[in-house]
Amino acid sequence: MSSVHAVDRKTLYVAVCFGLLSAFIWGAWPVLSRFGVQKTLSAYDIAALRFMVAGLILLPFVLKKGTGTLGLPKTLVLTVGQGIPHVLLGIIGLAYAPAGHAGVLIPSAMIAVSTLGGWFILRDRPEKAVLIGILVVMAGAALSGWRSMTDSGGQVWLGDLLFIAAGALWGGYTIASRAWDVDAFQATALVSVVSMLLYLPLYVLWGTPGILAAPLSEIVFQGLFQGVFAAIVALLFYTKAVTVLGATRGSIFGGLVPCIASVLGIFVLSEVPSTLEVVGVILASAGMIYVFGYRK
């Protein structure tokens with residue numbers, strides 16, 4: 001029996017709310033990141049702000065608690081899955097392929113890896129009805145990003161491969177956090193601090209830092225969103241949802257990312273979605289509701 005059946009209804013609802021909030025923040029990430037890149041900051045500047053702010057906020061906790069029961073090897077695995085390697089793959093991919101491709105391929109790859117990994121590694125075999133719901137969610141995600149996905153050319157294929165790799169790492173994080181039953185706050189803190197320590201020296205020594213040349217308003221806005229909401233709040237909520245719901249059901253929230261990005265794009269970037277994209281949003285939402293409403 002799946003672990004989601006072993007929790008009480010209140011805990012289930014709280015976990016679903018956490019998952020929805022994390023999906024909303026990650027759905028806003030490509031929209032607000034693109035908004036920032038269109039201004040003054042580069043993608044590498046935004047990544048530096050993300051991990052510098054999150055790392056400094058959570059550094060006292062890590063200095064006090066260390067890696068805890070996880071140890072360094074498991075900490076590095078979690079960092080690869082949701083820290084700087086995952087983020088950099090997405091950033092580099094954006095140099096070759098549109099953000100819309102990332103919005104579809106990254107969460108889709110994450111759901112696929114999480115579902116298969118949960119099945120074969122964690123022995124958490126999903127019910128047939130849940131698998132159907134996952135396929136519906138992924139179909140909705142594909143439709144919501146169909147317009148950008150069909151706008152290809154040049155070396156887009158390379159960017160798409162990088163997005164798939166980033167999604168696979170995210171799926172690995174999902175499986176690991178469930179397998180090790182990690183504390184959500186501890187995992188978030190370790191991923192943020194280790195990413196800061198790995199990335200900032202490279203950014204300063206070999207990069208072209210543009211943070212000091214950017215307007216203060218942009219730095220504050222991106223630092224707050226990237227460092228607090230995207231790096232800390234979203235990861236904290238997502239990890240908590242996965243530990244309660246399991247790797248398969250927890251991964252489904254990723255399918256809402258392109259849908260949320262599509263809706264937010266209307267208000268932030270003035271990108272009006274097509275009828276097909278609206279259908280995709282509705283389909284993905286219906287699939288998620290079906291999965292979490294399903295009972296044996």
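Does Asp 181 count as buried or exposed?

Analyst: Asp 181 counts as exposed, because its relative accessibility is 55% and the cut-off for exposed is over 50%. This answer, like everything that follows, rests on a predicted model. Asp 181 is placed in the loop between α8 and α9, the latter covering residues 184-206. The backbone of Asp 181 also deserves attention: its phi is near 50°, which is a positive value in a residue other than glycine.

The chain holds 13 helices and zero strands, and its pattern along the sequence is accordingly α-α-α-α-α-α-α-α-α-α-α-α-α. The chain has 296 residues, of which 52% count as buried. When contacts between residues at least 6 apart in sequence are considered, 90% of them join residues at least 24 apart.

The loop that holds Asp 181 lies between α8 and α9, and helix α8, residues 156-179, has a packing partner in helix α3, residues 71-82. Two packed helices are described by the angle between their axes and the distance between the axes. For α3 and α8, the axes come within 7 Å and cross at roughly 140°. That angle makes α3 oblique to α8, since only angles over 145 degrees count as roughly antiparallel. The crossing in which α3 passes α8 is left-handed. On the side of α3, the contact is made by Val 77, Leu 78, Val 80, Gly 81 and Gln 82, while α8 contributes Leu 169, Trp 170, Tyr 173, Ala 176 and Ser 177. By class, these are seven nonpolar, three polar and no charged residues.

Helix α3 also contains Leu 72. Leu 72 is exposed, because its relative accessible area is 53% and the threshold is over 50%.

Helix α2, residues 43-65, packs with helix α4, residues 84-93, at an angle of about 160°, and their axes are 10 Å apart. This makes α2 roughly antiparallel to α4, and the crossing of the two is right-handed. From α2 the contact takes Ala 43, Tyr 44, Ala 47, Arg 50 and Phe 51; from α4 it takes Ile 84, Val 87, Leu 88, Ile 91 and Ile 92. The residues of this contact divide into nine nonpolar, no polar and one charged.

Thr 115 is located in helix α5, which spans residues 99-120. With a relative accessible area of 8%, Thr 115 is buried, because the limit for that class is under 20%. Leaving aside residues up to four places away in sequence, Thr 115 touches Pro 126, Leu 131, Ile 134, Thr 248 and Ser 251. In summary, Asp 181 is exposed at 55% relative accessibility, whereas Thr 115 is buried at 8%.

Technical notes. Residues are numbered from 1 along each chain as its sequence is written. This is a predicted model: local features need pLDDT of at least 70, side-chain atom pairs count only at pLDDT 80 or more; totals for chains, interfaces and linings use all residues. Side-chain values use heavy atoms; hydrogens and water are left out. Helices (H or I, at least four residues) and strands (E, at least two) are DSSP runs, numbered from the N terminus. Buried means under 20% relative accessible area, exposed over 50%, partly exposed in between (1.4 Å probe, protein chains only). Contact means heavy atoms within 4.5 Å. Axes are lines fitted to C-alpha atoms, for helices over the stretch in contact, and angles run from 0 to 180 degrees between N-to-C directions. Angles under 35 degrees count as roughly parallel, over 145 as roughly antiparallel, 65 to 115 as roughly perpendicular and the rest as oblique. A crossing is left-handed if the near helix is turned anticlockwise from the far one by less than a right angle, and right-handed if clockwise. Ala, Val, Leu, Ile, Met, Phe, Trp, Tyr, Cys and Pro count as nonpolar, Asp, Glu, Lys and Arg as charged, and the others, Gly among them, as polar.
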